[in-house]
Amino acid sequence: MPKRTDLRTVLIVGSGPIRIGQGCEFDYAGAQACRVLRREGYRVVLVNSNPATIMTDPEWADATYLEPLDVETLAQIIERERPDALLPTLGGQTALNLAVELADSDVLSRFDVELIGADVDAIRRAEDRLAFRAAVTAAGVAVPESRVVSSTADLDGVRLPAVVRPAFTLGGTGSGIARHRVQLETLVGRGLAASPIGQVLVERFLEGWQEHELEVMIDIVGNCVVVCSIENLDPMGVHTGDSWTVAPQQTLPDGEYQRLRDAAFECARAVGVATGGANVQFAYEPVSRELAVIEMNPRVSRSSALASKATGFPIAKIAALLAVGYTLDELPNDITGKTTAAFEPALDYVAVKAPRFDFAKFGISDPSLGTEMRAVGESLGLGRTFAEAFLKAIDGREQAPVELDLSRRGEPVPERWDMLLEAARRGLDLAGVHQYFADELRAVARAERELATTGDVAAAKRFGLPDAIVARVLDIDQDEVRSRRARPGRLAVDSCAAEFEAKTPYFYLSYEASDSVPRRSRPAIVILGSGPNRIGQGIEFDYCCSRAAGAFRRLGYETVLLNSNPETVSTDYDTSDRLYLEPLTLERALDVCELEQPAGVVVQLGGQTPLALAPGVAGAGFPLLGDPLPAIERAEHRGRFGALLGELGLRAPAWGTAATSAQARAVAERIGYPVLVRPHHVLGGRGMRIVNGPDQLVLDEPALVDEFLAGALELDVDILCDGDSVWLGGILEHVEPAGVHSGDSACVIPAPSVTPALEAEIHELSAAIAVGLGARGLLNLQLALHRGELYVLEANPRASRTVPFLAKATGIPLVDHACRLLVGATLEELDLPARATPVRAWAKEAVFPEERFANAADRGPEMRSTGEVMASGDTVSQAYGRVLRASGRGRRGGSVGLPLQAGGGPGPVLRPRGRQAARSSALSSQEAATATATAQPRQR
């Protein structure tokens with residue numbers, strides 16, 4: 001069937017800020033859909049409030065609105081843009097709920113907008129617990145014994161334990177397991193408050209049952225395929241976003257898997273998903289062979305991104321094409337180039353997902369997992385065996401080892417699978433685990449024992465043991481391990497179990513012969529990614545890495561990305577020339593560099609993760625673009641940075657370094673309380689705190705102790721530098737006073753407190769620091785204005801989390817320009833304007849997981865927000881009011897602005913340009929004083 005020609009403009013609604021349960025997987029989905037629909041000739045209008053996403057860069061849509069995601073705003077945009085269709089299945093629960101509200105308020109009918117992908121009835125049947133139960137039972141699919149309630153008075157006769165599931169919520173918000181009556185009433189009351197329609201399902205808790213998910217695609221003529229089967233390693237009772245998972249499923253006999261497959265198709269058809277993707281979740285009891293469907297998402301889901309990266313099948317892209325009329329058998333498989341999307345992927349490898357948690361950020365010392373999602377990110381490991389993939393997933397989480405209480409290995413706690421692996425090493429029982437997975441953990445333990453006995457490193461590597469484990473078992477360092485082993489092979493993710501040659505360069509590493517790779521025609525640059533999302537290192541850094549992949553391509557290089565995060569745009573198979581989905585460890589980084597032999601490695605764009613790997617990569621002989629190590633060491637070590645500021649004659653809060661609590665107290669006595677404690681080499685303010693007296697001042701690690709400037713106004717400055725001069729990308733003014741982490745503070749641009757004279761001082765100061773550090777590329781400064789004096793708080797010689805926001809506010813593609821600087825261009829060659837001046841005022845506000853953690857929104861020196869929103873206005877105050885509305889902290893405020901395409905936005909730097917023309921001599925004295933192009937530091 002041909003694509004629909006009666007549609008001209010398609011509206012896509014994004015998912016808003018990153019939240020627990022609704023993360024950057026929807027940026028990946030939206031970016032794919034925007035690109036493919038525009039390629040098909042449709043005009044795309046995009047509405048989202050999240051500035052950190054790739055999809056909200058203006059080149060991804062024809063009209064991009066950074067606006068609050070509410071019905072009133074969308075109605076105004078619909079009236080202005082007059083779309084023919086709304087595609088609501090790519091923006092998570094937010095977009096689905098808004099689609100229903102737009103239909104109920106008659107906005108869609110008034111402006112003749114058609115819902116495509118899923119209509120209102122299908123959304124209601126999937127999300128309304130009563131309608132879903134009726135639809136699937138009518139289709140012959142079993143559901144757990146349950147009751148739909150709208151009041152705590154409806155609970156008489158409910159069997160316990162029971163699961164409470166609110167309708168129309170995301171990430172299990174408001175859900176829980178009730179084991180007694182009081183707990184049941186509490187959970188139901190909370191669930192009713194969380195549900196937009198005041199409805200919860202109370203169902204029998206299938207304790208101990210297995211949980212399986214199927215990612216299904218369906219087209220307009222009824223063709224159905226299963227893209228991926230996913231098995232939860234944890235039993236029912238742990239939210240699938242918090243559970244370890246494996247694809248393809250490992251434990252079901254084929255006959256039982258076919259039962260799930262048939263039931264998934266029946267669910268999709270019964271609910272009425274006409275075109276696109278759906279995620280169907282099942283509970284299965286292997287002894288009795290009982291099967292029950294738990295729920296279905298009639299949209300691209302969190303698991304869809306995982307399934308896409310696990311199989312290579314681009315679910316969001318295909319879902320968008322199906323929504324505009326194509327059928328599965330008409331769409332080619334990009335990876336093979338020979339099959340169609342109607343062929344179900346076949347895997348000759350295993351994919352294991354590990355969740356990442358940040359409970360410590362919220363002071364929770366004894367966390368447990370349940371039906372409400374708590375994970376902030378995830379890593380994906382690919383291997384030829386379950387054990388190899390499992391060990392990669394462990395490494396990919398990038399979490400420091402913690403003390404394990406093995407007596408709790410049968411409980412749903414974040415470290416459960418670490419405990420189970422350690423229990424297998426000690427020969428203990430593995431409670432509550434399917435025998436297959438228990439045997440796999442015991443196989444890991446057995447491989448370690450055999451290595452200790454034989455010293456056979458080659459056999460250990462073929463099994464899948466990482467270098468770190470080999471080094472620990474043999475009591476040698478990892479350099480020695482590398483010298484004793486061969487290099488791994490590069491294997492393609494091909495979606496067809498090697499039946500056809502893969503056309504897309506998407507790889508994982510294993511100890512087998514490499515798949516063939518086309519001969520390289522251009523020098524390669526390796527970009528080290530940011531790994532799993534976490535508080536303090538989120539989607540902003542994936543934005544920078546993804547943006548850099550395109551920038552270096554336009555500069556004539558082949559780009560190679562290394563990352564472990566399956567949710568992101570950077571791990572899409574066509575973002576870079578070659579993608580390696582591997583843990584961001586030194587072992588894997590060096591393996592990729594040895595395979596690629598790059599002209600340079602980029603470590604400044606992925607946050608703290610690649611910075612930590614930089615010394616090892618450089619030590620192995622691979623050039624780091626921008627030569628960042630001296631700048632990193634001098635800026636990240638608080639004491640050395642303080643000494644640099646002293647050499648430059650720049651103000652900083654009184655400070656001292658300390659390695660022990662006693663030293664810290666001595667510093668504090670000298671400079672006076674309150675003091676701010678800042679550990680070295682951290683991101684997101686980890687461990688930072690304000691201390692008011694000696695009894696509170698206890699150090700667990702070396703730190704800087706400096707004077708706390710109470711009441712100071714904080715400024716964020718993002719800078720481009722070439723080693724000799726600087727250009728200010730923007731000055732952001734924080735709304736909250738000093739003492740609130742910059743990632744948690746609202747901020748505005750233009751900065752209302754920054755006068756022309758202060759801007760000139762900031763520029764001069766920035767040039768001095770940049771030259772003193774020897775920084776090249778991006779540099780972020782944190783400044784404080786206290787009692788009329790400017791103080792330097794810290795410098796970060798890397799991309800900051802404010803880069804995407806500034807790029808959208810000013811229309812300057814900061815990452816693209818930074819990439820040119822990293823390969824040797826000067827600022828003069830970049831043809832930048834004298835000043836980065838936004839055409840409107842813009843504001844950014846943080847979003848906190850308040851619905852998950854009671855104290856999440858308590859702002860302080862350590863970052864706690866999971867995401868952010870952005871909005872504009874004619875004035876700073878209007879922009880701030882608008883962004884409060886976007887964050888959910890205000891009900892009204894501002895009006896819909898112009899799309900980014902009409903008011904700037906970071907368009908790509910397409911090619912190297914000639915030298916910048918001489919500046920006009922007609923600049924006024926004030927313009928000359930505040931120009932931010934190429935000023936030199938003043939001699940002091």
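**A guided reading of the predicted model**

Lys 309 lies over the face of Tyr 28, at 4.0 Å from the ring centre. The charged end of Lys 3 likewise sits over a ring, that of Tyr 42, 5.5 Å from its centre. A charge is said to sit over a ring if NZ of Lys or CZ of Arg is within 6 Å of the ring centre and within 35 degrees of the ring normal.

The model is predicted, and therefore local features need pLDDT of at least 70 and side-chain atom pairs count only at pLDDT 80 or more, while totals for chains, interfaces and linings use all residues. Residues are numbered from 1 along each chain as its sequence is written, and side-chain values use heavy atoms, with hydrogens and water left out.

The next topic is a sheet. Helices (H or I, at least four residues) and strands (E, at least two) are DSSP runs, numbered from the N terminus. Two strands pair if DSSP finds at least two bridges between them. In general, strands of a sheet pair through backbone hydrogen bonds, either parallel or antiparallel. Here, four strands form an open sheet in the order β6-β9-β7-β8, and their pairing is antiparallel. At the edges stand β6 (146-149) and β8 (176-178), each of which pairs on one side only. On average, neighbouring strands of this sheet are turned by 25° against each other, direction ignored. Within the sheet, β7 (residues 162-166) and β9 (residues 200-204) run antiparallel and are joined by five bridges. Val 163 has Glu 203 in β9 as its bridge partner.

Two helices lie across these strands. Helix α6 (residues 129-138) lies across β6, β7 and β9 and runs at about 145° to β6. Helix α7 (residues 181-194) lies across β6, β7, β8 and β9, at about 150° to β8. For such angles, axes are lines fitted to C-alpha atoms, for helices over the stretch in contact, and angles run from 0 to 180 degrees between N-to-C directions. Contact means heavy atoms within 4.5 Å.

Two further helices can be checked for their length. The expected span of a helix is 1.5 Å times one less than its number of residues. Helix α17 (residues 539-554) has 16 residues and should span 22 Å at 1.5 Å a residue; its end C-alpha atoms are 23 Å apart, which agrees. Because 14 of the 16 residues of α17 are buried, this helix is largely enclosed by the rest of the structure. Buried means under 20% relative accessible area, exposed over 50%, and partly exposed in between (1.4 Å probe, protein chains only). Just after α17, Gly 556 takes a positive phi of about 100°. Helix α23 (residues 756-773) has 18 residues and reaches 26 Å from its first C-alpha to its last, close to the 26 Å expected. The buried residues of α23 include Leu 758, Ile 762 and Leu 765. Gly 774 follows α23 and has a positive phi, near 75°.

Strand β17 (residues 489-492) is covered on both faces: Gly 489 and Leu 491 on one side and Arg 490 and Ala 492 on the other are all buried. Four bridges join β17 to β18 (residues 506-510), and the two run antiparallel. Gly 489 stands opposite Ser 510 in β18.

Aromatic rings form another set of links. Rings of Phe, Tyr and Trp (its six-membered ring) pair if their centres lie within 6.5 Å; planes under 30 degrees apart count as stacked, over 60 as edge-to-face and the rest as tilted. By this rule there are twelve aromatic pairs. The rings of Phe 359 and Phe 853 have centres 5.9 Å apart and planes at 90°, so this pair is edge-to-face. The pair links distant parts of the chain, 494 residues apart: Phe 359 is in the loop between β15 (350-356) and β16 (377-383), and Phe 853 is in the loop between β32 (841-847) and β33 (867-873). The rings of Phe 362 and Phe 853 have centres 4.2 Å apart and planes at 10°, so this pair is stacked. Phe 359 counts as buried at 6% relative accessibility, as do Phe 853 at 3% and Phe 362 at 3%. Elsewhere, Trp 244, Phe 386, Phe 390, Trp 417, Tyr 436 and Phe 437 form one aromatic cluster.
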